[in-house]
Amino acid sequence: MACSAKIFFTIIFLVLNIKTLVEGAPQVPCYFIFGDSLLDNGNNNELNTTAKANYSPYGVDFRDGRPTGRFTNGRNTADILAELLGFDHYIPPFASAKDSDILEGVNYASGSAGIRNDSGSHLGDRIYLGRQLENHQATISGIANLLGNTTSAKKHLNKCLFIVGIGSNDYINNYLLPEIYPSSHLCTPNQYATALIDQYSQHLRTLYEDGARKVALFGLGQIGCIPAEMKKHNTRICVGSTNNAIQQFNSKLKSLVDDLNTNFPDAKFTYINMYSISSIIAPLSVFNRPCCKVLETMPEGQCVPAETPCSLRGIYLFYDDFHPTEIANRIATNRAYNALLSSDAYPMDIRHLVMKNNIVYDE
Ligand SMILES: *[C@@H]1O[C@H](CO)[C@@H](O)[C@H](O)[C@H]1NC(C)=O
Ligand SMILES: *[C@@H]1O[C@H](CO)[C@@H](O)[C@H](O)[C@H]1NC(C)=O
Ligand SMILES: *[C@@H]1O[C@H](CO)[C@@H](O)[C@H](O)[C@H]1NC(C)=O
């Protein structure tokens, strides 16, 4: 019963919430994005890695149908959130952002990147979280040049929305690959989650020190239910042990949000419960098939280049074996922005986070 109700609401939501880029002032003057392939919009295009999506059929539903480096058929969560926030443009990737763009935000996300430096390394180069923060330092220098000094730059950043969605590759491209990475031999799932959250916490403190005051942290989705993981385990139901490991990470991330809000009362951090938001895929997991034809060899699970994808892209949840379709991204991002259930975001959804206007940078 609960499942069918959820799906019903989701469909209603879809119909009501398909928005496009709008004219007029956005709800925040600037918006910065850190993360992995779920948010990357082109940062890997020039990297020496197999984790890139700047080839057809990726991007088939994006503007003129050409690939951009987004790992989906159309828009990703970073794009859809830009629409919901009222931006008239998508936030450019760090790799190609110009000085004239940076006051309104930069997207640092990189496919196959994790919290750990080594996650995803078997696929090639990637911009892991620590390096994304280094890139942000370069942006801050640029903003300081534009506004006169670092104080003005940080004051500007106080008003921005920051989103961070990272950690999936620390599982998919690390802990869950015992033949390549030693982490699962060395740590229990609980120890591993603790180690990840410790590192993540350091990076978030740096982000705060660099001026971030409104930060949404995206938890991990049900990785046990993605096509790649079910294929690996040769099952048509979600992989419970994987979902359990993911939930340990998520519950520690939620606690971290409490810690950060206590330690930094002049900032607001919020946790987006992508696990429960993505629970729509669990009951449907038996139908979890990717829309595109996927590679059987490296990079396994990504779309085969130049193959025509499925035509009913509005009813598939996955585009390849790892990444949601635009429609699935819309379902999830709508709920992150405007919670459908109180469990979707803690302590508040992004719509309420950006409304906070009492956050002032103290010199
Ligand atoms: C790209 O990476 C591969 C594998 O790590 C390496 O063998 C190759 O030399 C690299 N190519 C360039 C141009 O750096
Ligand atoms: C990760 O890389 C950074 C440089 O970006 C380095 O300072 C740090 O020591 C590395 N961490 C680990 C655990 O190797
Ligand atoms: C930074 O620039 C602002 C605006 O131009 C100015 O009001 C402020 O005094 C400057 N602060 C420092 C430390 O130079």
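Trainee: What radius of gyration does the protein have, and why does it count as being as compact as a globular protein of its length?

Mentor: This is a predicted model, and the protein in it has 12 helices and five strands. For 363 residues the globule rule gives 21 Å, and the protein comes close to that value, so it is as compact as a globular protein of that length. The radius of gyration is 19 Å.

Trainee: What percentage of the residues in the protein is buried?

Mentor: A residue is buried if its relative accessible area is under 20%. The C-alpha atoms fill a box of roughly 55 × 45 × 45 Å along the principal axes. Of the 363 residues in the protein, the buried share is 58%.

Trainee: Which strands lie at the edges of the sheet?

Mentor: The sheet is open, its pairing is mixed, and its five strands follow the order β1-β2-β3-β4-β5. An edge strand pairs on one side only, and this applies to β1 (31-35) and β5.

Trainee: Which residue of β3 is the bridge partner of Ile163?

Mentor: Strand β2 (residues 161-165) pairs with β3 in the parallel sense, over four bridges. Within that pairing, the partner of Ile163 in β3 is Ala216.

Trainee: Which residues of β3 point the opposite way from Lys214, Ala216 and Phe218?

Mentor: In a regular strand, side chains alternate between the two faces of the sheet. Strand β3 is mostly covered, with five of its five residues buried. Lys214, Ala216 and Phe218 point one way, and the buried residues that point the other way are Val215 and Leu217.

Trainee: Which residue of β4 is the bridge partner of Leu217?

Mentor: Strand β3 (residues 214-218) and β4 run parallel and are joined by five bridges. For Leu217, the partner in β4 is Tyr271.

Trainee: Which residue of β5 does Tyr271 have as its bridge partner?

Mentor: Strand β4 (residues 268-272) is mostly covered, as four of its five residues are buried. Two bridges join β4 to strand β5 (residues 345-346), and these two strands run antiparallel. In β5, the partner of Tyr271 is Tyr346.

Trainee: Is Ser110 buried or exposed, and with which side chain does its own side chain make a polar contact?

Mentor: Ser110 lies in the loop between α2 (77-84) and α3 (129-147). Its relative accessibility is 0%, so Ser110 counts as buried. At 2.7 Å, the side chain of Ser110 makes a polar contact with the side chain of Asn44.

Trainee: Why does Asn288 count as buried, and which residue has its backbone oxygen 2.6 Å from a polar side-chain atom of Asn288?

Mentor: Asn288 is found in the loop between α10 (274-277) and α11 (326-337). The cut-off for buried is under 20% relative accessible area, and Asn288 counts as buried because its relative accessibility is 10%. Asn288 and Met230 are 58 residues apart in sequence, while their C-alpha atoms are 9.0 Å apart in space. The backbone oxygen in question belongs to Cys225.

Trainee: How is the shell around ligand 2 divided by class, and which residues form it?

Mentor: By class, the shell consists of one nonpolar, one polar and two charged residues. The residues that surround ligand 2 are Asn117, Tyr128, Arg131 and Glu134.

Note on methods
Residues are numbered from 1 along each chain as its sequence is written. Chains are lettered from A and ligands numbered from 1 in the order in which they are written. This is a predicted model: local features need pLDDT of at least 70, side-chain atom pairs count only at pLDDT 80 or more; totals for chains, interfaces and linings use all residues. Side-chain values use heavy atoms; hydrogens and water are left out. A residue is near a molecule or strand if one of its heavy atoms lies within 4 Å of it. Ala, Val, Leu, Ile, Met, Phe, Trp, Tyr, Cys and Pro count as nonpolar, Asp, Glu, Lys and Arg as charged, and the others, Gly among them, as polar. Buried means under 20% relative accessible area, exposed over 50%, partly exposed in between (1.4 Å probe, protein chains only). Two strands pair if DSSP finds at least two bridges between them. The radius of gyration is taken over C-alpha atoms; the globule rule is 2.2 Å times the number of residues to the power 0.38. A polar contact is a pair of N or O atoms within 3.5 Å; within protein, one must be able to donate a hydrogen and the other to accept it, and residues adjacent in sequence count only if both atoms are side-chain atoms.
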